[in-house]
Amino acid sequence: MQTRPHPDIPVTSEAELTERWRNLLHLDGPPSCRRLFLAWLRADGTMVHLLIPVDDLPLEPDRLAIGNLVELHTIVAESEDVDPTDLHLAMCLDDLFQGSVVVGDQ
């Protein structure tokens, strides 16, 4: 049985981030729906203990959704007692049509 990665183990490269997503979400099989996952990395590479799935994702982002994402990032940074620029948002798009795509450090 595979254990989930501990969030206090730093992610220091794109390859490690991809592997972290794979282990967190068990992305070995084909996606069953279109879903975006959000996670945050501290400056030292450790992950905030928060993983948010976003379902019913449109094919094209809209301004409201992007604004909400920025606001959510600010709230998470405040909860971590850091400036929003010191916290990195990592995203993984699990897409029914294209497979899993990792987008990091946004």
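Which residues make up the largest nonpolar core? In this predicted model, that core is made up of Val11, Leu17, Trp21, Leu24, Leu25, Phe37, Ala39, Leu41, Met47, Ala90 and Cys92, which is 11 residues in all. In soluble globular proteins, nonpolar side chains tend to be buried together.

**The nonpolar cores**

- Another core, of 10 residues, lies apart from the largest one, and Trp40, Val76, Leu89 and Met91 are among its members.

**Strand E1 and its partners**

- Six of the eight residues of E1 are buried, so this strand is largely enclosed by the rest of the structure.
- E1 pairs with E3 in the antiparallel sense over eight bridges, and Ala39 has Ala90 in E3 as its bridge partner.
- E1 also runs antiparallel to strand E2 (residues 47-54), to which five bridges join it; here Leu38 stands opposite Ile52 of E2.
- A hairpin is formed by E1 and E2 with four residues between them, and Gly45 in the turn has a positive phi of about 90°.

- When residues up to four places away in sequence are not counted, Phe37 touches Trp21, Leu25, Leu51, Ile52, Pro53, Ala90, Met91, Cys92 and Asp94.
- Leu41 is found in strand E1, and it counts as buried because its relative accessibility is 10%, where the cut-off for buried is under 20%.
- Not counting residues up to four places away in sequence, Leu41 touches Val11, Leu17, Thr46, Met47, Asp86, Leu87 and His88.
- Leu41 and Leu17 are 24 residues apart along the chain, and their C-alpha atoms are separated by 9.9 Å.

- Arg20 is found in helix H1 (residues 14-25).
- Leaving aside neighbours within four places in sequence, Arg20 is in contact with Pro5, His6, Pro7, Ile9, Pro10, Val11 and Met47.
- Of these contacts of Arg20, Val11 and Met47 also belong to the largest nonpolar core.

Note on methods: Residues are numbered from 1 along each chain as its sequence is written. This is a predicted model: local features need pLDDT of at least 70, side-chain atom pairs count only at pLDDT 80 or more; totals for chains, interfaces and linings use all residues. Side-chain values use heavy atoms; hydrogens and water are left out. Helices (H or I, at least four residues) and strands (E, at least two) are DSSP runs, numbered from the N terminus. Contact means heavy atoms within 4.5 Å. A nonpolar core is a set of buried Ala, Val, Leu, Ile, Met, Phe, Trp, Tyr and Cys residues joined through side-chain atoms within 4.5 Å. Buried means under 20% relative accessible area, exposed over 50%, partly exposed in between (1.4 Å probe, protein chains only). Two strands pair if DSSP finds at least two bridges between them.
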